[in-house]
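Reader: Please take me through a close look at the contacts made by charged and aromatic side chains in this model.

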Amino acid sequence: METEQAIWSRVQTIIADIFDRAPEDIAPETRIMTDLGGESVDLLEIAVRINADFGIPVDEDTVFLKSLRYLLAECRAGGRQPEDALREAYPYLTPERRETLAREAAQPQAMPLLCAGDIAAYVTAAVRRQG
């Protein structure tokens, strides 16, 4: 089974290729939409490459955090703790990352929050499940 570092390196290369960057320019905290100027078509290409390179199914809503703000709004409306909802929706993310997402997404002018490390964490969890 591949190590977490080996998976990160492969995901880093996929993202670098798609955005025509050197792999060393992509860090786990690199924001796909804001730092790299990503668009929805780029996310689709990332999903296709992950599926092809790793042989895993890709749930785009989950891996790309597409429902994050909706999920947090539901929590606020229903009195549910965001930490619980985020743990259920994104179990592959660390507790620290989920806390950061909840805090940043709550800000009115929050930019898209998806980072390269989020994608790598998803892939790592999926590869381990296939195991």
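**Charged and aromatic contacts**

Author: Let's begin with Arg 49, which is partly exposed at a relative accessible area of 24% (buried means under 20%, exposed over 50% and partly exposed in between, with a 1.4 Å probe and protein chains only). Bear in mind that this is a predicted model, in which local features need pLDDT of at least 70 and side-chain atom pairs count only at pLDDT 80 or more, while totals for chains, interfaces and linings use all residues. Residues are numbered from 1 along each chain as its sequence is written, and side-chain values use heavy atoms, with hydrogens and water left out.

Arg 49 forms a salt bridge with Asp 53, with 3.8 Å between the closest N and O atoms (a side-chain nitrogen of Lys or Arg within 4 Å of a carboxyl oxygen of Asp or Glu). Both residues sit in helix α2, residues 40-54, four residues apart, so about one helical turn separates them (helices are DSSP runs of H or I with at least four residues, numbered from the N terminus). Asp 53 is also partly exposed, at 36% relative accessibility.

Helix α5, residues 82-89, holds Arg 87 and Asp 84, three residues apart and therefore separated by about one helical turn. Their side chains meet in a salt bridge at 2.6 Å, N to O. Arg 87 is partly exposed at 43%, and Asp 84 is partly exposed at 29%. Coming back to Arg 49, salt bridges with shared partners join this residue, Asp 17 and Asp 53 into one network. The whole structure has ten salt bridges.

Another of them links Arg 10 and Glu 2, whose side chains meet at 2.4 Å, N to O. Arg 10 is partly exposed at 30%, and Glu 2 is partly exposed at 29%. Arg 10 has an aromatic contact too: Arg 10 lies over the face of Phe 54, 4.0 Å from the ring centre (NZ of Lys or CZ of Arg within 6 Å of the centre and within 35 degrees of the ring normal).

Now for the rings: the whole structure has two aromatic pairs (Phe, Tyr or six-membered Trp rings with centres within 6.5 Å; planes under 30 degrees apart are stacked, over 60 edge-to-face, the rest tilted). Tyr 90 and Tyr 92 pair edge-to-face, 6.3 Å centre to centre with 85 degrees between the planes. Tyr 92 and Tyr 122 also pair edge-to-face, at 5.3 Å and 85 degrees. Tyr 92 lies in the loop between α5 and α6 and Tyr 122 in helix α7, so this pair ties together parts 30 residues apart in sequence. Tyr 90 is buried, as are Tyr 92 at 14% and Tyr 122 at 7%. Together, Tyr 90, Tyr 92 and Tyr 122 form one aromatic cluster.

Notes. Helix = DSSP H or I, 4+ residues; strand = E, 2+ residues; numbered from the N terminus.
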